[in-house]
Amino acid sequence: MKAGHRLVLFAASALGIAWVYCAGALNMPAWGQYRGPYGDAIAHLAVYQRHATDTVNAVTYDYRGFDTLGEEFILFSAVTGVMLLLRPEPGRPEAKKGKSSGNPASFRDRATLSETVQVFTTAIFGFSVIFGIYMATHGQLTPGGGFQGGVILAAAPMLLYIAENTDAFRRIVSHPLVEFLEGTGAAGYALIGVAGLAMGTAFLTNVIPLGTTGDVFSSGTIAAISACVGVEVAAGFTLVIFEYLREILSREKNEEP
Amino acid sequence: MPSPALLVAVPLIVAALLGALRRLIPRWTADLLSILTAAGNLTMACWWTAHALHRTQVYWFGGWFPRGRMVLGIGFTMDGYGCALAALAALLTTLALIYSWKHFESGGGHFHPLMLVFLAAMSGFAVSGDLFNLFVFFELMSTAAFALCGLKTHEPAPLAGAFNFAVTNSVAAFLMLTGIAFLYSATGALNLAQLGQALAGRHDRLVLAAFVFLTTGFLVKAAEFPFHFWLPDAHAVSPTPVCVLFSGIMVQLGLFGAMRLYATVFQGCFAGTRIPWIFVVIGAATALWGAMMCFAEHHLKRLLAFSTISHTGLMTLAFGLWSKAALAGLFIYLVGHGLVKAGLFFCAGILLHRFETMSEPALFRRGRALHWTAPLWFLGGLGLAGAPGFALAIAEAHVTPVAPWTEAIFFIAGTLTGAAVLRVGLRVFIGLGDAGPVDRSATVDEKPETNDPGRLVNTVLYFPALACIGGCMVLGFWNGIAGIARASAASFVNFSGYVHMVYAGATVVAQPAPVQSALLKGVLWAGLRGVAAAAVALWAVLHLRIPRPLRWPSHLEGSMRPVRELQSGHPGDYVAWLTLGCALLGAAVFWLAL
Amino acid sequence: MSFPADYPYFVAAWILLCGLYGIVRSRHLVHMVISLTVVQSSTYVLLLAIGFRRAAYAPVFAGLPVGARVVDPIVQALMLTDVVVETTVVALLLAMVVKAHEKGGTTSPDDLRFLRG
């Protein structure tokens, strides 16, 4: 189809979709007047039933924990898909590990980064790791949780890349343990669920002692699942970064004369 | 009693462990573990199907039982239709994994985890009783499918096909989420039973808008016209085991999602309106369009993809008739079509493995040495046409008495799709006539998918094809299937029974009275379809011996250039058609219900 | 119930249409993937707008008494996992684009005509 025809087709259809959407939106409850019983019921119940002060994470990892298991595996299959698509092909020279293929930033201009920036960025790396772990383990108390903490943890090695500390970056990101952690994090969530089955209750029942509200070790399986998810998300994002980096580097190697 | 959670949990755990230990596990262990997991799912799902014929049961995750009328957690509703589809998914996955034993290129060990995740997602989707949970499993199914579709990375075509698939289905998922948001704002609930009760009798625009977006999302997955453009592209480039799952069960699960949604959430709102006619119209249009395009194709996998589109259109038509007999026929059709289509794809995979091409002209006469595969292919073609002895004929005999004019649509679609397959069989396996017209799309993606192409076909490649075609024929002669279908259809339509199951834990299924079906008339139509398919195939193949004005199959086969140009391969085009379809659906719904 | 007061819902509609427009008119595959994320953002805006309640606190009871008026935690739970997960799905789509560029030499959807039928 020519681009012009496609635009006309889309314009007509978009009017239709806009009309349907607005017709629906005009009939919705007024904005700011949330009435629904589901949210209010959970907000009243979560602290007493699960000793978790962050009701959003109580919903994510307990009341609707089965949905989150599915979502975690969407992440797992997307990461596996990236590894599948960007896998090294037999017969193509791969980027060698170590110093010989040089600095991945070498395709940028050769101006070196100032030492101040390098020192500070490396220091922030340590802080990021601690902050990520803090987020992942405190999800049941305050906003945060496994997904958010995992992303922060995965972004931390990028600071090393920006600081041009590429050896450390590559060592962290290409370690075979990362893939193992990703798989075990994903399996860990489902195995915590199976623990509920083993104790005679339903899948994903909260079977760990609930502890005191406000304590880090509270809310039973919510904290445990959050930690597993944090590990899996961090490892998953690190794998994606590594796969893309390897793809770029092998492309660079092929383009060198 | 196996826990329903295991249907989803076990494949996911095994997939995660296979992914974690990918570099340590040898190929045979990964193969064996995956096959055993899928076979375990099959056993559990069959057990649950048998159980669901007497009692349908709900399973609450996390032990969150409803509080009064409000549902707090997520539930699985183990009813006949859902458990049977989960069983079909497990059966086809097991056969696909057997097919890919050892010699199939496994993409660095990533193939098996993705297949198991795909199986878990399909099983969960079939039995879920919560709207957002359906969405999550829809996304999980889609993501695993996108990755599996792009497995063959040697050429750009698989990546283009996977990209078109991904963009179209992602847009569909976001439209579905919009619909879910609308329903949530209307009722504050996410459980299907609770939603159905809360919306009963409401016709207002919010409900209609939600219905439009949700149904669009599911119909894109079901590859209905005009949302179907992604399917032939995805099939042309996917590896054979993946094509089997796409055409055998994934597309039909998209339709099942729309069905489940209508039967639980919207049944109370739209009772007495003419909204089911929308499904009839879409189904009929899809069936005829798909059949026409199927006959015009010369790439085997694309041809089979269009026949899937056509038959799923017939299933949508059967659903739109909204009667227990039609739904019973639809049940048999789902299972029978899944088996026949899987068998045909396995045979196509054998051809690809031996001759490294999927183009009908290039395969002309080369299949004459495949003495065992040829009968399966011809039986598959007859099965698609709905010839007597196959499950599809039984299914059509249930559906067409409800509305006799639908027999014409079933006849045309069945004949054209069956004739296309038989035509390919006559050219490739017997060598009648000439090689046929060459077209551009027939040469897409000819790289082999096994490590040692050209090697003689062995048991691992042949057994799944035999099992599928044989299974479809066994179903055609087994009397028990009609009883299972009727019981499942009765509990599917019975919304008050569904609500009772969700809130009280279980419902006893009333055993339906045996129906006196017009057996002789069904067999006659089936025989007529089989004969017509064979005749059209011969007519197309022997076109040189027929006077030019009477050569209509060859015209259908060779021309249709402007129509075929619509399959442009451009994702922007496909999304434009998607928006058109959504707008037209919206117009139809608002016109019929207000 | 009226247009000016309920503007977030219409903002969500507008974002959806912008994203779809971007996909349909795109001339670069990466641009198409990013337009897809724009479509996704519209669903987030819609969900959060539905769960909003005026003069209410966040549903975190650390330091807040349990009966206090809070916004809806369910919609937040529905979308927070989605945000992270869809990022990896976008990574998957971009991997397809990268490979298609490597094998086919182009990133324009007009040139990716390998599957014309």
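A: Start with helices: a helix here is a DSSP run of at least four residues, numbered from the N terminus. The model is predicted.

Q: In which helix is F146(B) found?

A: F146(B) belongs to helix α5 of chain B, which covers residues 131–149.

Q: Is F146(B) buried or exposed?

A: Burial is read by counting neighbours: a residue is buried if 20 or more other C-beta atoms lie within 10 Å of its own. F146(B) has 26 C-beta neighbours inside 10 Å, so F146(B) counts as buried.

Q: Which residues does F146(B) touch, not counting residues up to four places away in sequence?

A: In chain B, F146(B) touches A162(B), F165(B) and A166(B). F146(B) also touches G81(A) and L92(C).

Q: How far apart are F146(B) and G80(B) in sequence and in space?

A: Sequence and space are read separately. F146(B) and G80(B) are 66 residues apart in sequence, and their C-alpha atoms are 29 Å apart.

Q: Which residues have the most contacts inside the largest nonpolar core?

A: In soluble globular proteins, nonpolar side chains tend to be buried together. Here the largest nonpolar core has 364 residues, and those with the most contacts inside it are V117(B), F118(B), M122(B), M141(B) and F331(B). Domain 1 (1–35) and domain 2 (49–255) of chain A each give this core at least three residues. As for M141(B), its contacts beyond four places in sequence are F118(B), A121(B), M122(B), F125(B) and M250(B).

Q: How far apart are the C-alpha centres of domain 1 and domain 2 of chain A?

A: The two centres lie 37 Å apart.

Q: How many residues of chain A are in contact with chain B?

A: An interface is read from both sides. In this case 58 residues of chain A are in contact with 61 residues of chain B. On the chain A side, α4(A) gives the most, with 15 residues. That side divides into 33 nonpolar, 16 polar and nine charged residues.

Q: How many residues of chain A are in contact with chain C?

A: There, 48 residues of chain A are in contact with 41 residues of chain C. Elements of chain A that give two or more residues to this side include α1 (3–26), α6 (146–162) and α9 (221–255). By class, the side has 31 nonpolar, 12 polar and five charged residues.

Conventions:
Residues numbered from 1 in each chain as written. Chains lettered and ligands numbered in written order. Predicted model: local features only at pLDDT ≥ 70, side-chain atom pairs only at ≥ 80, totals over all residues. Contact = placed C-beta atoms within 7 Å. Nonpolar A, V, L, I, M, F, W, Y, C, P; charged D, E, K, R; others polar. Domains from an automatic or database assignment. Buried ≥ 20, exposed ≤ 12 C-beta atoms within 10 Å, placed from the backbone. Core = buried A, V, L, I, M, F, W, Y, C linked by C-beta atoms within 7 Å.
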